[in-house]
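Student: Could you walk me through how the features of a model like this one are read, taking the general idea and then the case at hand?

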Amino acid sequence: MSEAPTQTRATGVLAATCLSTLVVNANTSAVSILLPAISEDTGMGVTTLQWAVTGYSLVGAAVIVTSGSMGDVFGRKRIFQLGLLVFVASCVLIALSSSGGMVIAGRVIQGAAGATILACGLSLLSVANTGSEQLRAVSLWGAAAAVGAAVGPLLGGVLVDTTGWQGLFWVDAVVAALCMVLTYFTVSESRDPNRSRSIDYAGTLLVALTLAPLILALSKGSAWGWVSVATIGCLVISVVSGYLFVVVEGRVKVPLLDLALLRNRILVGATIAILIGAGTINGLMYLLSLYFQDPATLGFTPLQAGLATLPATAGLVAVAPLVPRLASRVGGRQVIAAGFLLTAIGFGAVGFVESDWRYAAFILPLIAIAVGMGLSNGPASSASTACVAENQVGAASGVSNMARYVGAAVATALAATIYGSVIADQTAAGASKGDALASGLSAASWVMAVISAAGLLMAIVMGRHSTARGTLQDAAAAAAAHTHTLPTSATPVADRAS
């Protein structure tokens, strides 16, 4: 940051920020496991309930950069506390919901809160420490983010089986409230006095207006008709909003997206690779959560489903810290390409699913997907901040973090649409429910395989670039790379902890 680190109780700041990011990421990754139980309780179909996932990501994409800017201008502690307060309120709203619509509304609100907590929490941590302590604190924050994302599905499964699906949100509300108390007593207020007070609210709104109609068209296109007035209208609104976003970003004083960054080939390739990685892992978790729990297929309980996804979630986190050293030896783009190839092969294997498959048949494909994502995520995230000038590191991080949310929203909506449409078509054609579900998973998996294969092109687009040396800090950044971009040893020093 441009200002000198403020005098804070560094241990308290570390505890508050790490605990909050762990809770946010665990909550984010757990919700897919809860969808069948929420559907049964509220009567809303799981295809519609995918908005509990996509709505969260959509709003997060719009807010994550803006909330960081608001922290710099109005006070990081103040905005962080506001994010925690809204997170608590959204948890309570969801836990008390009697309808699927209320759950979705709560999750949309939660998306804004979660993005705010992540953006401002990392800033608070950075200004509370200096030198090696700053690198250590940021690395611990990254580890907390990775652990939260990995254990979320398992935690969700445990709580559904023991307390009902509402239990996750009650637990999260309590922990977030404790973080508020801890923050109040241990964190000092800080701002960036050198930053312009201009905030790109118009850009934030236009991101949402670009994504929401697009996702609505993807979700409802098969029901409305792909050339219907409603579908075409949504796509037109999305395109117009996207165009206006570009116009606005070229005119505002402090844009949400610095359009000059789009001339950086390495950054563009890395950002699209990040978007693909985040999208496919979220699409996978949505599909498996539904397929594993359906009585016509494996019939797992939520806890069993949470355990069954561990090869993908925990495997990704376990492999990722080993990747930076590999990338430093053979090259980042080579590792990224190998990762996407392996991920595509894993999804392709799932594409051959049959209704009589038992869980053992999924294990090797899930491990392949996890290892592939571990190989591609870390180097792509590292490249996004290594390829820009020192004064552009913060903007590059913001672009890649926004890309994660965009990828999660669009890919989950696409996976849900394909899965639901194929099941409906197969059922109408007289197929058994088990066969229809297998066909839906197969079709969606093949699409995820094609998207993953497209990541190979991004490795080519990126070309040669600086790679991290493989330090402990790099390992933590790689482990957290599927949730957040953190600085690495390849990041220009002046902004390394921004």
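Student: What are the helix and strand percentages over residues 13-467, and how far apart are the end C-alpha atoms?

Tutor: Helices (H or I, at least four residues) and strands (E, at least two) are DSSP runs, numbered from the N terminus. Over residues 13-467 the chain is 82% helix and 0% strand, with 30 Å between the end C-alpha atoms. That range comes from UniProt, where an unreviewed entry lists it as "domain: Major facilitator superfamily (MFS) profile"; UniProt positions are given in the numbering used here, feature names are shortened, and annotations may be inferred rather than shown by experiment. The model is predicted, so local features need pLDDT of at least 70 and side-chain atom pairs count only at pLDDT 80 or more, while totals for chains, interfaces and linings use all residues. Residues are numbered from 1 along each chain as its sequence is written, and side-chain values use heavy atoms, with hydrogens and water left out.

Student: Which residues of helix α12 are buried, and what covers them?

Tutor: Buried means under 20% relative accessible area, exposed over 50%, and partly exposed in between (1.4 Å probe, protein chains only). In α12 (residues 310-319) the buried residues are Ala312, Thr313, Gly315, Leu316 and Val317, and their cover includes α6 (131-163), α10 (265-293), α15 (360-386) and α18 (472-479).

Student: At what angle do α6 and α12 cross, and which residues meet?

Tutor: Axes are lines fitted to C-alpha atoms, for helices over the stretch in contact, and angles run from 0 to 180 degrees between N-to-C directions. Angles under 35 degrees count as roughly parallel, over 145 as roughly antiparallel, 65 to 115 as roughly perpendicular and the rest as oblique. The axes of α6 and α12 cross at roughly 170° and come within 9 Å, and the two helices are therefore roughly antiparallel. Contact means heavy atoms within 4.5 Å; here Ala146, Ala150, Pro153 and Leu154 of α6 meet Leu310, Thr313, Ala314 and Val317 of α12. By class, this contact of α6 with α12 has seven nonpolar residues, one polar and no charged, where Ala, Val, Leu, Ile, Met, Phe, Trp, Tyr, Cys and Pro count as nonpolar, Asp, Glu, Lys and Arg as charged, and the others, Gly among them, as polar.

Student: How do α13 and α14 pack?

Tutor: Helix α13 (residues 323-330) packs against helix α14 (residues 332-350) at an angle of about 120°, their axes being 7 Å apart, which makes α13 oblique to α14. Val323, Leu326, Ala327 and Val330 of α13 meet Gly332, Gln334 and Val335 of α14, a contact with five nonpolar, two polar and no charged residues.
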